[in-house]
Amino acid sequence: NLSNHIPMLTTIEIIKEIVENHPLFYDLESESDDKVPVHCMNLGDSGITLRAKVTTRSSGDSFQLCSDCRILVKEAFDANGIEIPYPQMDVHQKKD
């Protein structure tokens, strides 16, 4: 999930660049210019859910690519001031 206060297209471009430049990413040489489709899955109360579709040559490569990309995306988001929100709760205490 991403904060509702971030530029979504910038975020999508960061994700695409990270995946496309990973050595385990396998480009199916699709006729589309969109090598890594990123879809908006949900516009929620506390954030936006994006999902990237990636391809590799094997399932083992897929696990490693996804793990690596999660780490790289988090680092890139931090470097660009993009917040990943976490559930929060405000508690108010009444005084008698």
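**Figure 1. Confidence of the predicted model.** The protein has a mean pLDDT of 87, and 92% of its residues reach 70 or more; pLDDT is the predictor's confidence in each residue, from 0 to 100. Among the elements of the protein, helix 2 has the highest mean pLDDT (95) and strand 2 the lowest (90). Helices (H or I, at least four residues) and strands (E, at least two) are DSSP runs, numbered from the N terminus. Where pLDDT is low, the predicted coordinates should not be read in detail. This is a predicted model, in which local features need pLDDT of at least 70 and side-chain atom pairs count only at pLDDT 80 or more, while totals for chains, interfaces and linings use all residues. Residues are numbered from 1 along each chain as its sequence is written, and side-chain values use heavy atoms, with hydrogens and water left out.

**Figure 2. The hairpin of strand 1 and strand 2.** Strand 1 (residues 38-43) pairs with strand 2 (residues 48-52) in the antiparallel sense, over 5 bridges. Two strands pair if DSSP finds at least two bridges between them. The hairpin that joins strand 1 to strand 2 runs through 4 residues. Valine 38 stands opposite alanine 52 in strand 2, and cysteine 40 has leucine 50 of strand 2 as its bridge partner. In a regular strand the side chains alternate between the two faces of the sheet.

Figure 3. Histidine 39 is found in strand 1 and counts as partly exposed, at 44% relative accessibility. Buried means under 20% relative accessible area, exposed over 50%, and partly exposed in between (1.4 Å probe, protein chains only). Leaving aside neighbours within four places in sequence, histidine 39 is in contact with Thr49, Leu50 and Arg51, where contact means heavy atoms within 4.5 Å. Histidine 39 and phenylalanine 25 are 14 residues apart in sequence, and their C-alpha atoms are 18 Å apart in space. Alanine 52 lies in strand 2 and is also partly exposed, with a relative accessible area of 31%. With neighbours within four places in sequence left aside, alanine 52 is in contact with Ile15, Val36, Pro37 and Val38. The C-alpha atoms of alanine 52 and phenylalanine 63 are separated by 14 Å, the two residues being 11 residues apart along the chain.

**Figure 4. Helix 1 and its cover.** Helix 1 has 13 residues and reaches 18 Å from its first C-alpha to its last, close to the 18 Å expected at 1.5 Å a residue. The expected span of a helix is 1.5 Å times one less than its number of residues. Buried residues of helix 1 are Thr11, Ile12, Ile14, Ile15, Lys16, Ile18 and Val19. Their cover includes strand 1, strand 2 and helix 2. For valine 19, the contacts beyond four places in sequence are Phe25, Val36, Val54 and Cys69.

**Figure 5. The largest nonpolar core.** This core has 16 residues, and those with the most contacts inside it are Ile14, Ile15, Ile18, Val19, Val38, Leu50 and Phe77. Helix 1 (8-20), strand 2 and helix 2 (59-79) are the elements that give two or more residues to this core. A nonpolar core is a set of buried Ala, Val, Leu, Ile, Met, Phe, Trp, Tyr and Cys residues joined through side-chain atoms within 4.5 Å.

Figure 6. A disulfide is a covalent bond between the sulfur atoms of two cysteines. With a disulfide taken as a pair of cysteine sulfur atoms within 2.5 Å, the count comes to 0 disulfides. Cysteine 40 is in no disulfide, and the nearest cysteine sulfur, that of cysteine 66, is 19 Å away. Cysteine 69 is in no disulfide either, with the nearest cysteine sulfur, that of cysteine 66, 6.9 Å away. Cysteine 40 is partly exposed, with a relative accessible area of 41%, whereas cysteine 69 is buried, at 7%.

**Figure 7. The segment after helix 2.** Tyrosine 86 is found in this segment and is exposed, with a relative accessible area of 55%. Proline 87 lies in the segment after helix 2 and is exposed, with a relative accessible area of 80%. Tyrosine 86 and glycine 47 are 39 residues apart in sequence and 8.8 Å apart in space, C-alpha to C-alpha. For proline 87 and glycine 47, the separation is 40 residues in sequence and 9.6 Å in space, C-alpha to C-alpha.
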